[in-house]
Amino acid sequence: VGVRLVPALAEEGSREVLRRLRVDWPSGSGGSALPDTVSALKRALGRSPCAAACEQGPGTAALPEDVICKVHLKSFVEQQGLVGYDPNLDVLVVTEGKLRSLAELQQAVLQCTVSNAAALPASCFPDGSCCSIVHVVSCEEEFQQQQLDLLWRILDPGAHTALQKHLVCGPVKVTNPSSPIGADQYFQLRKRQMYKASVMKYGELAQDEAWTEVIDTLTAAAIRFEMLSTAHRSQITLDLEDSSISTKGTKSGAFVMYNCARLATLFDTYQRAVERGTYPPLLPASELNFSCLREEGEWLLLFNYLLPFPEVLQQAAQLPPPSKGIRITANTEIVCKFLIQLSMDFSSYYNRVHILGEPLPHLFDQMFARLRLLGAVRDMFHSALATLHLPPLSQI
């Protein structure tokens with residue numbers, strides 16, 4: 001599945017924050033073809049029966065220079081029998097900026113159409129469109145995005161514009177804010193907190209590139225889990241106090257990364273012991289006796305996590321089929337909640353059970369079975385984190 005992200009970001013600060021969060025968002029002006037696309041949209045606007053000239057009334061303020069005309073959205077919605085739109089939508093003043101936004105969307109659709117049509121047969125697209133358009137928008141900007149949606153439908157009545165859907169995100173509030181906080185300040189605050197929490201747990205850290213990367217990854221994980229562990233429709237309340245986050249808070253992405261690193265340390269310790277001759281190499285799964293796994297926590301990891309994991313990924317990636325109305329929902333929180341609960345149950349098991357025991361032959365069967373089980377758990381951690389664009393940590 002190919003994904004095109006729009007609009008391109010021109011602001012350097014926003015791009016830098018997204019880069020630190022490991023979000024690869026496009027930048028730039030949209031390419032050399034953008035002016036031609038804007039011109040084509042203007043011509044379509046001139047032919048549209050929904051468009052009318054903007055006339056300045058006596059005693060009213062002068063219209064902004066980039067105003068082109070006005071479009072009657074309400075009558076269009078009624079004529080087309082569209083449902084799910086805000087009843088207060090009426091007349092939209094069309095500007096150059098709005099047409100540029102539409103031009104970026106139009107170009108993204110053309111790129112999807114070309115790449116997907118080359119890879120897939122035409123029978124996959126019976127409706128004539130090979131892409132879906134999802135407007136991911138905050139609840140504060142939903143009204144403006146619906147205006148853009150309808151303007152695009154008016155100017156380009158194709159199959160792709162008819163399939164537009166809106167995924168609306170709830171507001172983000174801050175507990176007891178002393179002053180407004182921007183995205184960069186928020187990232188730097190969480191980074192300082194991650195560093196302080198790591199110092200408290202492990203002592204003063206070496207100021208080298210490896211530890212800087214660890215802190216950056218912990219910060220990205222903390223923020224991603226903070227934002228994605230709540231259903232996208234619900235409000236998120238950020239607590240920015242120092243006491244609100246730690247490397248072992250059960251609601252923190254850092255806690256997930258900490259347990260992922262524990263698994264990496266376990267297998268690194270085992271491998272070094274094999275190289276020293278303390279333990280024999282791990283046998284293939286087909287030669288192991290898994291009846292040695294008698295701990296309740298071991299079967300809990302198997303039945304509650306390993307077996308249902310493919311279904312969790314499927315639910316997380318699934319968007320519901322087009323339905324009446326324009327709003328859709330997505331299970332954006334499902335992977336985060338899965339990883340947090342997995343980390344809690346794994347941590348409880350790992351704290352209770354000694355995996356690498358005495359190097360005695362009669363204990364190897366159980367040790368090997370446990371290592372194979374935890375190897376599968378480690379791979380599951382890595383796969384789930386990859387869906388969040390987070391690398392696994394080998395140390396913490």
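Modeller: Let's start with one residue. Asp268 is partly exposed, at a relative accessible area of 40%. Keep in mind that this is a predicted model.

Colleague: Which residue forms a salt bridge with Asp268?

Modeller: The general idea comes first. Side chains of opposite charge can pair when their charged atoms come close. Here the partner of Asp268 is Arg272, with the closest N and O atoms 3.1 Å apart. Arg272 is partly exposed too, at 38% relative accessibility.

Colleague: How many residues apart are Asp268 and Arg272?

Modeller: Four. Both sit in helix α9, residues 253-276, so about one helical turn separates them.

Colleague: How many salt bridges does a search of the whole structure find?

Modeller: The search returns 13. One of them joins the side chains of Glu142 and Arg327, at 2.8 Å from N to O.

Colleague: Where do Glu142 and Arg327 lie?

Modeller: Glu142 is in helix α5, residues 142-155, and Arg327 is in the loop between α11 and α12. The pair therefore ties together parts that are 185 residues apart in sequence.

Colleague: Is Glu142 buried or exposed?

Modeller: Buried. Its relative accessibility is 13%, and the cut-off for buried is under 20%.

Colleague: Which residue forms a salt bridge with Arg352?

Modeller: Glu295, with the closest N and O atoms 3.7 Å apart. Arg352 belongs to helix α12, while Glu295 is in the loop between α9 and α10 (296-306), so this bridge links parts 57 residues apart in sequence. Arg352 is partly exposed at 47% relative accessibility. Glu295 is also partly exposed, at 29%.

Colleague: Which residues are linked in a network of salt bridges?

Modeller: Glu16, Arg19, Arg20 and Asp184 make up such a network.

Colleague: Now helix packing. At what angle do α11 and α12 pack?

Modeller: Two numbers matter. A packed pair of helices is described by the angle between the axes and the distance between them. For α11 (residues 309-317) and α12, the angle is about 150° and the axes are 9 Å apart. That makes α11 roughly antiparallel to α12. The cut-off for that label is over 145 degrees.

Colleague: Which residues in α11 and α12 meet?

Modeller: From α11, Phe309, Val312, Gln315 and Ala316. From α12, Ile334, Val335 and Phe338.

Colleague: Where is the place of Gln341?

Modeller: Gln341 is in α12 as well, which covers residues 334-352. Gln341 is partly exposed, with 37% relative accessible area. Its C-alpha atom is 9.8 Å from that of Asn304, a residue 37 positions away along the chain.

Colleague: What does Asp86 touch, not counting residues up to four places away in sequence?

Modeller: Phe143 and Gln146. Asp86 sits in the loop between α3 (73-80) and β3 (91-95). Asp86 counts as partly exposed, at 27% relative accessibility.

Colleague: On to the surface. Which residues form a nonpolar patch?

Modeller: Val134, Val136 and Leu319 do, and together they have about 240 Å² of accessible area. Val134 is in strand β4, residues 134-138. Val134 is partly exposed, with a relative accessible area of 32%.

Colleague: Last topic: the backbone. Which residues does a cis peptide bond join?

Modeller: Most residues other than glycine have a negative phi, and most peptide bonds are trans. The cis bond here runs between Val6 and Pro7, with omega about 5°. Pro7 is in the segment before α1 (12-20).

Colleague: What is the phi of Arg22?

Modeller: Near 65°, a positive value in a residue other than glycine. Arg22 is in the loop between α1 and α2 (34-47). Arg22 is partly exposed at 23% relative accessibility.

Colleague: What phi does His389 have?

Modeller: About 60°, positive although His389 is not a glycine. His389 follows α13 (361-387), in the segment after that helix. His389 counts as exposed, at 51% relative accessibility.

Note on methods. Residues numbered from 1 in each chain as written. Predicted model: local features only at pLDDT ≥ 70, side-chain atom pairs only at ≥ 80, totals over all residues. Heavy atoms only, no water. Patch = residues over 30% accessible without salt bridge, like charges linked within 9 Å, V, L, I, M, F, W, Y side chains within 5 Å. Areas by Shrake-Rupley, 256 points an atom, 1.4 Å probe, with all protein chains shown as cover. Salt bridge = Lys/Arg side-chain N within 4 Å of Asp/Glu carboxyl O. Helix = DSSP H or I, 4+ residues; strand = E, 2+ residues; numbered from the N terminus. Buried < 20%, exposed > 50% of the residue type's maximum accessible area, 1.4 Å probe, protein only. Axes fitted to C-alpha atoms, helices over the stretch in contact; angles between N-to-C directions. Parallel < 35°, antiparallel > 145°, perpendicular 65-115°, else oblique. Contact = heavy atoms within 4.5 Å.
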